[in-house]
Amino acid sequence: MKILLLEDDSLLSKILTKHLGQTYNVIPVYDGNSALEILENEKFDLLIFDSNVPGITGLELIKELRSYNNTTPIIMITAYQDTLHLKTAFTHGCNDYIRKPFELDELDMRIENITRTFNIEQNQLITISENIFFDALNHQISKNGKTFFIAKKESEFLNYLVTNRHRTISKEELTQNLWLYESMPSDATLRVYIRNLRALIGKKSIETIRGTGYRLVS
């Protein structure tokens, strides 16, 4: 399942992206204008919007998407406690909401409810190339009809590159998002992950941008 997460709090965004990224394909954005731009070019199974973000607010974005007949399910994150704010969100077209602060388990339950209600397929294969597919949920790569299991951290590494395949990812961004509460990996460890993944999906599939970071080559 592919999720667009709109959250301008960088720490909360990292926490949610890491948590949800263990199960889903999550693309984080930090302002409403960026979210709208991505939505014009990509399709998602679920949208999670903070109601109050820079640029187009989450509430305004919901209203605009519904005016275009975009029916993608939306969960709104809000710090507001008043019912008037929630009434406005539902009137604009959001499907569920969660109030800050919240437990990750509560968000998981709300997402699971949305997937049941809208019959969203969770175990979705991600296309790496014509004959290579990635199953982030089960940490598997299918190549020429054969299935290969990869380590959980390698799966998270590849999933982050896939999620952000439109840009170059720095080593600092990778480590901050994938090792949020863990000891930072050494450069040698990162090279091992890349070498193992390249062995399965192709030597030229993960490009090293010298002095900048890494990029998945589509």
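At what angle do helix α2 (residues 32-39) and α3 pack, and how far apart are their axes? Before selecting them, note that this is a predicted model, in which local features need pLDDT of at least 70 and side-chain atom pairs count only at pLDDT 80 or more, while totals for chains, interfaces and linings use all residues. Residues are numbered from 1 along each chain as its sequence is written, and side-chain values use heavy atoms, with hydrogens and water left out.

**First stop: α2 and α3**

Select residues 32-39 for α2 and 58-67 for α3; helices here are DSSP runs of H or I with at least four residues, strands are runs of E with at least two, and both are numbered from the N terminus. The two helices pack at an angle of about 25°, with their axes 10 Å apart, where axes are lines fitted to C-alpha atoms, for helices over the stretch in contact, and angles run from 0 to 180 degrees between N-to-C directions. That makes α2 roughly parallel to α3, on a scale where angles under 35 degrees count as roughly parallel, over 145 as roughly antiparallel, 65 to 115 as roughly perpendicular and the rest as oblique. Showing side chains, you will find Gly 32, Ala 35, Leu 36 and Leu 39 of α2 meeting Leu 61, Glu 64 and Leu 65 of α3, contact meaning heavy atoms within 4.5 Å. By class, this contact of α2 with α3 has five nonpolar, one polar and one charged residues, with Ala, Val, Leu, Ile, Met, Phe, Trp, Tyr, Cys and Pro counted as nonpolar, Asp, Glu, Lys and Arg as charged, and the others, Gly among them, as polar.

**Second stop: two backbone features**

Then select Lys 100 and Pro 101, joined by a cis peptide bond with omega about -10°; Pro 101 lies in the loop between β5 (96-99) and α5 (104-117). Most residues other than glycine have a negative phi, and most peptide bonds are trans.

Colour residues 2-118 as domain 1 and 126-216 as domain 2, bounds that come from an automatic or database domain assignment. Their centres, taken over C-alpha atoms, are separated by 26 Å, and the contact takes 11 residues from domain 1 and 16 residues from domain 2. Between them the domains bury about 1,200 Å², 53% of it on carbon and sulfur atoms, buried area being the accessible area (1.4 Å probe) that two parts lose on being put together, summed over both.

Select α6 (residues 152-163) and α7 (residues 171-178), which pack at an angle of about 125° with their axes 11 Å apart; that makes α6 oblique to α7. Their contact is made by Lys 153, Glu 156, Phe 157 and Tyr 160 of α6 and Glu 173, Leu 174, Asn 177 and Leu 178 of α7.
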